Structure formats: structure tokens, C-alpha cells
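Biologist: Please bring up the sequence and the model, so that we can go through the details together.
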Amino acid sequence: MAAKAEQPRIDFTSGAVGYRFRRGGERGHPLVRVAGIRRDRMPSIVDATAGLGRDAFLLASAGAAVTLIERSPEVYALLQGALDQAAAESPELAEVVARMTLVHGDARDHLPDLRPDVVIVDPMHPPRRNTALVKKEMRLLSAIVGADEDADELMRIALTSARERVVLKWPLRAAPLLASPKPSHQFAGKTVRYEVFMTALNAQVK
């Protein structure tokens, strides 16, 4: 009998995710800033590529209502289990989880109906030359979901669905995912860059 493939561990109560939550440092994170979260305004957010759920948890910890969309049934089940565990851990974590809505499906199908203020897109990134840099959880996640060959299509649907902005999380030195449009602005971190596309829907509202 073949051994069961190892699965990534999704945990919002301990490790780096839990530590950051206990410290209350989420508002200083660049993703929170580029998503447009402010004390006087909480945009509706869709994390179109939920994955390990860490970005969505970060945004929900900052006070935003976040819809997580995950098309892999295996990863969806792991996320649901982790959210249930976090909700049972403490009232503070339960409050964060209450702002997170997990959806199983393809974001390309859901985004046109949801029409959130902000869409976060974090595709499975191109392989790095030094695979030792890729953390174990990401390697295991990649083994389940494979490469996001349709990431460019997802981005284009996101750009026509987001009322305010689309944030693409992309490796720092990788070539642009889209030839056009160009991002309105971007924020470069140590290993990733956040490309922000202000959308036409927002311009029409203004």
C-alpha cells in the first residue's frame, strides 16, 4: 500500500502567523497597506488564490472582511480545518475567523459576481533557481495544486471585477506577469513585490 502523500500544515494559532497576531503588528505589514486598509475604511477583499490562507488571515486580523477562494479540494479541506481550529482556540481568534468566508471554487467564476473592492492574486510563483529557498509548506502546496498556468487570465478577470484595486503578489526579481496594463504603483519587499493596479471601476465611481 502506497504511503499517503505529505500535506502542508495550515495553522493560524501558532508559529509565525500566531506570533504576529499576538504581537498585533499586522497593520504595519506592506500587504495591509497596499490593500488600502485604513482605520477609517475597511474595503471588502477577495483573496482569489487562498493557498495556505496566511495573507487572508493577516488582512482579516487588520479588520477587513475577506473572502478566500480555493479551487483545490484538498487545500480547501485543510483551510476549513485550520479555520475551525482557530475559531475554537480563543474569542480573539474566533473574531478574526468570523471575518473570513471560505469558498471552494475557481475565482475566475466567482469574481464577476462578487465584485469586491480589492482582489488579492498570489499565484504559484515561477520556480526559483535555488529550490532550497522555497519553504517546505510551499513545496507541499505546489505538489498539490501545480503551476497556475491560467494566472494571467485570472488577473484580467480580477481587473474587470475589482471596484478599487487588484494587488498582485509576485517574486521580487521575476518578469512581469502581464505585459499590460502596467501597475499603478508597487511596493518591493525582501523577496516579493506587491504590484497595485487601480481599476477602471474605481475611476468611474470617483
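Modeller: This is a predicted model, in which local features need pLDDT of at least 70 and side-chain atom pairs count only at pLDDT 80 or more, while totals for chains, interfaces and linings use all residues. Residues are numbered from 1 along each chain as its sequence is written, and side-chain values use heavy atoms, with hydrogens and water left out.

Biologist: In which strand is threonine 67 found?
Modeller: Helices (H or I, at least four residues) and strands (E, at least two) are taken as DSSP runs and numbered from the N terminus. By that assignment, threonine 67 belongs to the strand of residues 66-70, which is β2.

Biologist: Does threonine 67 count as buried or exposed?
Modeller: Buried means under 20% relative accessible area, exposed over 50% and partly exposed in between, with a 1.4 Å probe and protein chains only. Because its relative accessibility is 17%, threonine 67 counts as buried.

Biologist: How many bridges join β4 to strand β5?
Modeller: Two strands pair if DSSP finds at least two bridges between them. In β5 (residues 165-171), leucine 168 is the bridge partner of valine 121. The strands β4 and β5 run parallel, and the number of bridges joining them is four.

Biologist: Which residues point the other way from Val118 and Ile120 in strand β4?
Modeller: In a regular strand the side chains alternate between the two faces of the sheet. In β4 (residues 118-121), Val118 and Ile120 point one way, all of the four named residues are buried, and those pointing the other way are Val119 and Val121.

Biologist: How far apart are the end C-alpha atoms of helix α4?
Modeller: The expected span of a helix is 1.5 Å times one less than its number of residues. For the 17 residues of α4 (residues 73-89) the span should therefore be 24 Å, and this agrees with the distance between the end C-alpha atoms, 24 Å.

Biologist: Which residue has a positive phi although it is not a glycine?
Modeller: Most residues other than glycine have a negative phi, and most peptide bonds are trans. The residue in question lies in the loop between α6 (107-114) and β4. Its phi is about 45°, and the residue is arginine 115.

Biologist: Which residue does a cis peptide bond join to serine 180?
Modeller: The residue lies in the loop between β5 and β6 (185-188). With omega about 0°, the bond joins serine 180 to proline 181.
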